[in-house]
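Q: Show me how to read this model, feature by feature. Where do we start?

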Amino acid sequence: MGSPRICFSFDIDWAPEFMIDELAALMSEHARPFTVFCTHDSPATRRLLAVPGCETALHPNFLAAFGSDPSGADLHQREADVLDRLMASFPDARGVRNHALYYHSRLLALFHGRGVEYLSNDLRFLAADTQPYRDWSGLVRVPIYWEDDVHCVYFDGRFELDVVLPPESVGPAPAPAPLRVFNFHPVHVFLNTCDLSAYQRAKPHLHDRARAEHARHPGAGVATLLRALLAATPAAQCASVADVARDHAAAAPYRGRYPAYLARTGAVASPVEQPKQAAGDTPDAAPPTSEDP
Ligand SMILES: [Zn+2]
């Protein structure tokens, strides 16, 4: 197998500001394209998004759309509200990955109605043949190849680079090159997580920087693996998730009629103008690190 095309992506997941700032410092050291899936607006998030090579994408928490109505009759409108509020903060974002990789097919109409270009929501853990594809609706899907928290439980403490990027992937690239979307969380990078049970024990205290620093894992973990990956992958081999999606969209034109169907039937709720939120005023935000990635 030849040299893969590599994407570094990060789901912010309401991480404390100092963790986001540390990630920004790390990515500033490496001139690599990367993609940040935002859960909320904040000063540290803006500093991370300002790092050269950073693509802004969205990480909506549709789990927050569940209400007390057992019929779920107005669920679609609440989901639209979740996405619209996030898009009001990041109007240029065109990529989406849902928190907890939540998904149902009715979200597709919502994404098409809001100009979303790609969905990076399928985890094909270490699947060597991973490639972008168009789904039946015409949306480009960019699957995730690897994720930090899944690695922790899958390998139970093993963090060598060749586990996630086998040596046979060095060499001339076949066409198309295999796709490797790596997904990290700032909290696991900061803690250099190795053991998810240790993370769970530390989680209630992670908003306290001193306690969070005390909880850092000293050996091999998520952060050492990220640094090894960054060192092993030349910038020319890396791309943002949006670049991958747009290249695939150009190479694989959509031949279906779903957008025309949506336009004819009015199946997409119109976006509602939302006032821009002040930093920290995030209706969908959970308290820092109160959610599992
Ligand atoms: Zn998440």
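A: Start with burial. A residue is buried if 20 or more other C-beta atoms lie within 10 Å of its own, exposed if 12 or fewer, and partly exposed in between, with C-beta atoms placed from the backbone. Here buried residues make up 39% of the 293 residues in the chain. This is a predicted model, in which local features need pLDDT of at least 70, side-chain atom pairs count only at pLDDT 80 or more, and totals for chains, interfaces and linings use all residues. Residues are numbered from 1 along each chain as its sequence is written.

Q: What is the mean pLDDT of the chain?
A: pLDDT is the predictor's confidence in each residue, from 0 to 100. The chain has a mean of 88, and 85% of its residues reach 70 or more.

Q: Over which residues does pLDDT stay under 50?
A: Where pLDDT is low, the predicted coordinates should not be read in detail. The stretch here is residues 272-290, for which the model has 39 contacts beyond four places in sequence. Two residues are in contact if their C-beta atoms, placed from the backbone, lie within 7 Å.

Q: How many helices and strands does the chain have?
A: Both are DSSP runs, numbered from the N terminus: helices are H or I with at least four residues, strands are E with at least two. This chain has 12 helices and nine strands. Of its contacts with a separation of 6 or more, 77% are between residues 24 or more positions apart.

Q: Which strands pair with β1?
A: Two strands pair if DSSP finds at least two bridges between them. β1 covers residues 5-11. Six bridges join β1 to β9 (residues 179-184), and the two run parallel. Ile-6 stands opposite Arg-180, and Phe-8 stands opposite Phe-182. β1 also pairs in the parallel sense with β2 (residues 34-38), over three bridges. There, Ser-9 stands opposite Thr-35.

Q: What handedness does the unit of β1, α1 and β2 have?
A: A crossover is right-handed if, with the strands pointing away from the viewer, the path from the first strand over the helix to the second runs clockwise. β1, helix α1 (residues 17-29) and β2 make a right-handed β-α-β unit.

Q: Why is β1 described as largely enclosed?
A: Count its buried residues. Seven of the seven are buried, so β1 is largely enclosed by the rest of the structure. Arg-5, Cys-7, Ser-9 and Asp-11 point one way, while Ile-6, Phe-8 and Phe-10 point the other way.

Q: Which residues does Ile-6 touch?
A: Ile-6 counts as buried because it has 27 C-beta neighbours inside 10 Å. Beyond four places in sequence, Ile-6 touches Arg-180, Phe-182, Thr-233, Gln-237 and Cys-238. Its C-alpha is 5.9 Å from that of Val-181, 175 residues away in sequence.

Q: Is β9 mostly covered or mostly exposed?
A: Mostly covered: six of its six residues are buried. Leu-179, Val-181 and Asn-183 point one way and Arg-180, Phe-182 and Phe-184 the other. β9 also runs parallel to β8 (residues 146-147), joined by two bridges. Glu-147 stands opposite Asn-183.

Q: Which members of the largest nonpolar core touch the most other members?
A: A nonpolar core is a set of buried Ala, Val, Leu, Ile, Met, Phe, Trp, Tyr and Cys residues joined through C-beta atoms within 7 Å. The largest one has 70 residues, and Cys-7, Val-36, Phe-182 and Val-241 touch the most other members. Beyond four places in sequence, Val-36 touches residues including Phe-10, Ile-12, Leu-48 and Leu-49.

Q: Where is Ala-100, with its positive phi?
A: Ala-100 is in the loop between β4 (95-96) and α4. Its phi is about 65°, although it is not a glycine. With 15 C-beta neighbours inside 10 Å, Ala-100 counts as partly exposed.
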